[in-house]
Amino acid sequence: MRISMRITPRPAVALLSLTLAAAALAGCSEEAAGDKTATDAGGCKPADVKLVGQVRNESNPYEASWLAGGDAFAKSVGLTQERLTYGGDSTKQQEQISQILAKGDKCLVLNVLPNGDSDTAPIVKGADKAGAYLVTQWNKPADLKPADYKTWVSHITYNGVESGQQIGDALATAIGGSGGIIALQGVLDTAAAKDRFAGLQASLKKNPGVTLLDQQAANFSRAEALTVTKTLLTKHGDKVKAIWAANDDMALGALEALQQAGLSGKVAVAGIDAVPDAVKAVNDGTMTATVSSDGTWQGGIGLAIGFCVATGKLKVADIAAANRAFFAKQFLVTKANAADFSQPKTTASDFECGNVFNRVAGPLT
């Protein structure tokens, strides 16, 4: 994906402003009459496409930015996005998807964040049976693959092992390579949580002077992280030199707990997602590091990929295997480059059908 940025440091797109013109997908908006015999590409008129984005909740700034990105993409092609949130409730998520699929829309595009790995299979199977064009992000079992389905177009994620290790290493540096840390884990039945914690373990192996004092799930929630951090600070006292958090919302909850304990600036904290408050905290020096996960781009690109297939400009069979399930590019944000993370610009070509895979960093194997 071509983004205009100031790049000496490696920037992220924490709050990507998708000011996309309607021409952004002009090439995708023609009816593909010649594709009606294809089983893996649609012949939908753009006006007939129904766009749906689904995340856990809007209180998480990362997921709120995802929905905002979906709205902006939809507007660029003269449509609206139906926004669904399920509050981290797997049963509610499945019910929402089933209700959408039951309506029988033949030009349905879904951009979905499965609540956990185990939630992905029923979503995929339901969409495939209904002929809905599906893009999933973050969570899926390793043995469940888009290539085995007709209308599951792509699965997008980020290298959680890499990001988990990056922030672990940043914390190790911040505390001089020696001291105790606590870890705030995410929703345990998710690839993101599992991979990020594996990255922390790799960092601990690389930095033997750093000791993991304790770890506990706070489910990617700021409120839960506040409570858990208070408990762990009471338990471990001044042995805690750093806090590793599997996402920024939990890192921000940890910062609040430190403030209440009179420890602001005395304990290093790092998270993942590069949400605005976290980037500001890194720039201010109250947080050590974060890693971009660009929710706004994810909210737009998932719909764009599905839209291009639904309108016949992309055929699933022609999509490279490496683009069916892939890692997207991510960037480490530290004090050294946080000031440069101010709304990089997109161009109209970023979401054209020929460019939707421009941010692939590598295949998910």
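In which hand does H4 pass H5, left or right? The crossing is right-handed, a label used when the near helix is turned clockwise from the far one by less than a right angle, with anticlockwise giving left-handed. The model is a predicted one, in which local features need pLDDT of at least 70 and side-chain atom pairs count only at pLDDT 80 or more, while totals for chains, interfaces and linings use all residues. Residues are numbered from 1 along each chain as its sequence is written, and side-chain values use heavy atoms, with hydrogens and water left out.

Of the 365 residues in the chain, 58% are buried, where buried means under 20% relative accessible area, exposed over 50%, and partly exposed in between, using a 1.4 Å probe and protein chains only. Contacts here mean heavy atoms within 4.5 Å. Among contacts with a separation of 6 or more, 76% are between residues 24 or more positions apart.

Back to the opening pair. Helix H4 (residues 160-174) and helix H5 (residues 191-206) have axes that come within 6 Å and cross at roughly 45°. That makes H4 oblique to H5. Axes are lines fitted to C-alpha atoms, for helices over the stretch in contact, and angles run from 0 to 180 degrees between N-to-C directions. Angles under 35 degrees count as roughly parallel, over 145 as roughly antiparallel, 65 to 115 as roughly perpendicular, and the rest as oblique. On the H4 side, Gly 160, Val 161, Ser 163, Gly 164, Gln 165, Gly 168 and Asp 169 take part, and they meet Asp 195, Arg 196, Ala 198, Gly 199, Leu 200, Ala 202, Ser 203 and Lys 206 in H5. Sorted by class, the contact of H4 with H5 has four nonpolar, seven polar and four charged residues. In this sorting Ala, Val, Leu, Ile, Met, Phe, Trp, Tyr, Cys and Pro count as nonpolar, Asp, Glu, Lys and Arg as charged, and the others, Gly among them, as polar.

The expected span is 1.5 Å times one less than the number of residues. Buried residues of H4 include Gly 160, Ser 163, Gly 164, Ile 167 and Leu 171. An α-helix has 3.6 residues a turn, so residues three or four places apart point the same way. The buried residues of H4 pack against H5, strand E8 (210-217), strand E9 (240-245), E10, E11 and strand E13 (332-334).

A second pair brings in helix H1 (residues 61-76) and helix H9 (residues 295-310), whose axes come within 6 Å and cross at roughly 40°. That makes H1 oblique to H9. H1 passes H9 in a right-handed crossing. Tyr 62, Ser 65, Trp 66, Gly 69, Gly 70 and Phe 73 of H1 meet a set of H9 residues including Gly 295, Gly 299, Leu 303 and Phe 307. The contact of H1 with H9 comes to six nonpolar, eight polar and no charged residues. H9 is mostly covered, with 16 of its 16 residues buried. From its first C-alpha to its last, H9 reaches 23 Å, close to the 22 Å expected.

Helix H2 (residues 90-102) and helix H3 (residues 117-130) pack at about 5°, their axes 10 Å apart. That makes H2 roughly parallel to H3. Ser 90, Gln 93, Gln 94, Ile 97 and Leu 101 are the H2 residues in the contact, and the H3 residues include Asp 119, Pro 122 and Ile 123. This contact of H2 with H3 divides into six nonpolar, four polar and one charged.

Some loops deserve a look too. Most residues other than glycine have a negative phi. Ala 274, in the loop between strand E10 (268-270) and helix H8 (276-284), has a positive phi near 55°. Ala 274 is buried, at 0% relative accessible area. Asp 294, in the loop between strand E11 (289-291) and H9, has a positive phi of about 40° although it is not a glycine. Asp 294 is buried as well, at 1%. Just after H9, Gly 312 takes a positive phi of about 85°.

How values were computed. Helices (H or I, at least four residues) and strands (E, at least two) are DSSP runs, numbered from the N terminus.
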